[in-house]
Amino acid sequence: MISANNVSLQYGGRVLFKDVNITFTAGNCYGLIGANGAGKSTFLKVLSGEIEPNKGDVSIQPGKRLSVLKQDHFEFDSFDVISTVLYGNKKLYDIMKEKEALYSKPDFSDEDGIKVSELEGEFAELGGWNAESDAEILLNGLGIPNELHYAQMSELTGNQKVKVLLAQALFGNPDILLLDEPTNHLDLKSITWLENFLMDFENTVIVVSHDRHFLNKICTHIADVDYGKITLYVGNYDFWYEYTQMTQRQLKDQNKRTEQKIKELQEFIQRFSANASKSKQATSRKKLLDNLQLDNIKISSRRYPFVNFKQDREVGNDLLEVKGISKTIGERKVLNNISFMINPNEKVAFVGADELARTTLFKILMGEMEPDEGSFKWGITTSRAYFPKDNSKYFENVDDSLIDWLRPYAKEGEQYDADIRGWLGRMLFSGEEAMKSAKVLSGGERVRCMLCKMMISGANVLILDEPTNHLDLESITALNNGLMDYKGTLFFDSHDHQFVQTIADRIIEILPKGIIDRQETYDEYLEDTIVDEMREKLS
């Protein structure tokens with residue numbers, strides 16, 4: 001059990017949260033949600049002891065071990081992979097190292113023997129004899145193959161390091177587990193494995209995530225950071241969303257009824273206050289009016305952008321034909337004889353373990369990269385808008401204000417400041433925000449600018465490479481709804497399960513030796529894939 005007791009934290013004059021009293025108990029998984037900047041990650045750091053609150057304290061039940069998902073991907077570069085995972089239980093790791101040091105002494109004494117005996121007892125109590133095999137199970141579950149288990153961390157890719165650090169946090173059955181965006185950079189298969197692991201986890205989990213499907217699968221409670229406080233709700237993310245939306249609607253409806261009643265009473269009093277025969281009734285209504293109050297509807301820190309893609313013209317019968325495309329990058333063949341046809345108005349999710357393969361395919365289709373072999377042909381009526389995974393070239397060292405940044409992409413007749421401000425306002429850049437320099441934007445702000453650029457284009461084909469990266473839950477929801485409503489053709493990839501499931505009507509998985517292509521939803525595809533794997537094992 002871990003509790004925050006009267007915790008308050010502010011930076012300068014900005015209060016993140018005030019007088020927070022909340023207890024997280026064993027056997028539950030708490031999703032910590034809130035708008036970007038609300039203080040979710042900061043609150044996790046307060047719970048872990050990394051940040052001291054201005055007021056209040058955090059208490060952990062005596063004897064309970066807390067584990068945190070590390071964010072510094074270079075911290076363990078001098079370690080091998082297995083040692084990095086074992087470090088997740090620091091007490092066990094230190095005992096192992098002390099044992100090794102004692103056993104390697106050339107002048108091993110009787111005192112050393114007594115000390116080693118004590119250490120061996122502690123080692124056994126902490127599950128040390130199974131430690132390495134437990135670490136390997138975690139690594140394999142997260143997609144780190146056996147051949148990398150004793151490699152140096154410095155040799156791994158960024159995504160592989162993320163998985164190892166996640167295995168470190170999960171290692172040794174911690175009593176309290178704090179996870180900040182654990183699904184970032186994980187492939188869908190690894191996310192599914194993590195969901196299953198956490199659903200079976202019997203201790204306390206507190207997680208920050210922008211993945212709605214993940215929160216729905218694992219969470220028993222939602223802790224909402226808003227209005228400068230943290231409110232606890234029983235249920236998963238969808239329950240929290242429906243409940244809070246319903247509450248807001250009821251509050252607004254109640255205020256409308258109260259406003260109407262106030263208006264009626266004011267009209268009666270104004271009309272009959274000077275009438276002797278009606279004076280008693282007017283006085284009675286005056287007392288009633290004095291007792292009527294409107295409920296205070298607090299202004300949430302959440303803001304939803306308005307995402308709406310419209311095609312300027314409908315596409316013809318021919319959209320895209322891809323024939324035998326192959327591409328090698330470095331020494332690795334990322335695309336191998338890829339062929340498919342896309343029909344008008346299809347919404348196609350590209351999936352697979354290799355992110356580089358998907359990004360490479362999208363770059364080839366957009367003319368940013370040449371294939372080694374094969375060809376592709378777009379229909380003459382197609383117009384395309386592209387959301388690249390790496391958008392840095394659009395923003396780095398760009399001194400323009402957002403108005404001037406967006407102006408070149410505006411259509412003829414929409415290049416005036418008022419028109420451009422309208423587009424930016426839809427994406428939450430209103431007032432002075434529209435005058436910000438493009439080079440100082442955060443990752444989420446850059447994504448919203450790129451989506452604004454795409455909306456202006458009026459394209460009938462959209463290609464989006466991981467568009468939900470860097471977005472908060474509100475922006476992801478708005479983008480999700482906007483793409484569901486889009487009438488044109490869509491190619492995209494995403495690690496967000498719900499995003500893929502609710503948008504795509506066709507799944508293309510890129511494999512080392514070709515593709516699997518199915519006209520179905522993502523959940524149907526996953527079910528079919530499991531069945532296919534079972535058949536393959538039985539055959």
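Hi everyone. What we have is a predicted model, where local features need pLDDT of at least 70 and side-chain atom pairs count only at pLDDT 80 or more, while totals for chains, interfaces and linings use all residues. Residues are numbered from 1 along each chain as its sequence is written, and side-chain values use heavy atoms, with hydrogens and water left out.

Let's start with the whole protein. Its C-alpha atoms fill a box of roughly 110 × 65 × 55 Å along the principal axes. There are 17 helices and 18 strands; these are DSSP runs numbered from the N terminus, with helices being H or I of at least four residues and strands E of at least two. Of the 539 residues, 47% count as buried. Buried means under 20% relative accessible area, with exposed over 50% and partly exposed in between, using a 1.4 Å probe and protein chains only.

Now, which residues have the most contacts inside the largest nonpolar core? They are Leu179, Leu198 and Val207, in a core of 52 residues. Such a core is a set of buried Ala, Val, Leu, Ile, Met, Phe, Trp, Tyr and Cys residues joined through side-chain atoms within 4.5 Å. Helix 6, residues 158-170, gives the largest share of this core, six residues. Another core lies apart from it, with 48 residues, including Trp405 and Leu451.

Leaving aside neighbours within four places in sequence, Leu179 is in contact (heavy atoms within 4.5 Å) with residues including Leu44, Leu166, Ala169 and Leu198.

Let's stay with helix 6. Ten of its 13 residues are buried, among them Leu165, Leu166 and Ala169. Their cover includes strand 6 (176-180) and helix 7 (188-200). Just after the helix, Gly172 takes a positive phi of about 80 degrees.

Finally, the second largest pocket, with a volume of about 1,000 Å³. On a 1 Å grid over the protein atoms alone, a pocket is an open set of points where a 1.4 Å probe fits, with protein on both sides within 12 Å along at least five of seven lines; lining residues have an atom within 4 Å of a point. The volume is the space filled by probe spheres set on the points, which are joined across faces, edges and corners.

Which residues lie nearest its centre? Of the 41 lining residues, those are Asn36, His210, His470, Leu471 and Asp472. Helix 14 gives the largest share of the lining, four residues.
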